[in-house]
Amino acid sequence: GDFRLQSSEWAQTKIRLDKDVAMLRQENNSLQTQTRMLQSLVDDRDLTIKDERDEKSRLKRDLATVSHALEEAEVEQNEIRSEKGMLMTRLEKEERHRKDVEEELRVTWQQLGDLKLRHHADDIELKKLRKHFKELNERFRQQEKSYQLLDSAQRNLLAKFQHTQQAHAVLLEQLDREQALRKELQSDKDVLERKLRVMTAEHAASSQGLLQCRLE
């Protein structure tokens, strides 16, 4: 009876233990499931942290790239501003040059208009000069005829002048002889006048002496 009782207790203990083992197994399975879930959550969190770290690193790289690009853009913007200033200066210079060219062109067109007017006036003046030249040419021809007549008359006068010059030379020669003769006559006259004065003085002295002798 004790063996049966003991067997019954063992059976009950075994059943209870089986139940406890089953419950422990169930709890273990539940714990394993929770552990796997927690591990999955941890793994997911680690992946999320890793992704966040990667994203943070990527954001840092992007930020550095953006900062570098911003610096380059700032440098490029300064270069663009400088180039814009240079282009504005060049544009102003080109604008002044364009205005100067337009002014020169305007002056040139004005000068061209003046030249056209002068050309027209010169053309009219040239026609007048040609007409005047034609008249002068005709007058020159007439004067040429007159000159030929005058030249013939001049040659005749020259022949007469040469003849007159020869006669003049003869007259000059006669005049020289007459002047030489006149000088000789003047010299003879001077000698006679001196002799006359001497004789007059001697006659006066003789007359004075004779008068004194008579008075004595």
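Glu-103 and Arg-106 both belong to helix 1, where 3 residues, about one turn of the helix, separate them. Helices here are DSSP runs of H or I with at least four residues, numbered from the N terminus. The side chains of Glu-103 and Arg-106 meet in a salt bridge, at 2.4 Å from N to O; the term denotes a side-chain nitrogen of Lys or Arg within 4 Å of a carboxyl oxygen of Asp or Glu. Glu-103 is partly exposed at a relative accessible area of 37%, and Arg-106 is partly exposed at 45%. Partly exposed lies between buried (under 20% relative accessible area) and exposed (over 50%), with a 1.4 Å probe and protein chains only.

This is a predicted model, in which local features need pLDDT of at least 70 and side-chain atom pairs count only at pLDDT 80 or more, while totals for chains, interfaces and linings use all residues. Residues are numbered from 1 along each chain as its sequence is written, and side-chain values use heavy atoms, leaving out hydrogens and water.

The structure holds 4 salt bridges. One of them joins Arg-98 to Glu-95, with the closest N and O atoms 2.2 Å apart. Another links the side chains of Arg-177 and Glu-173 at 3.3 Å, N to O. Arg-177 and Glu-173 are 4 residues apart in helix 1, which means that about one helical turn separates them. Elsewhere, salt bridges with shared partners connect Glu-95, Arg-98 and Glu-102 into one network.

Helix 1, which comprises residues 2-215, also contains Leu-115. At 48% relative accessibility, Leu-115 counts as partly exposed.

How values were computed: Helix = DSSP H or I, 4+ residues; strand = E, 2+ residues; numbered from the N terminus.
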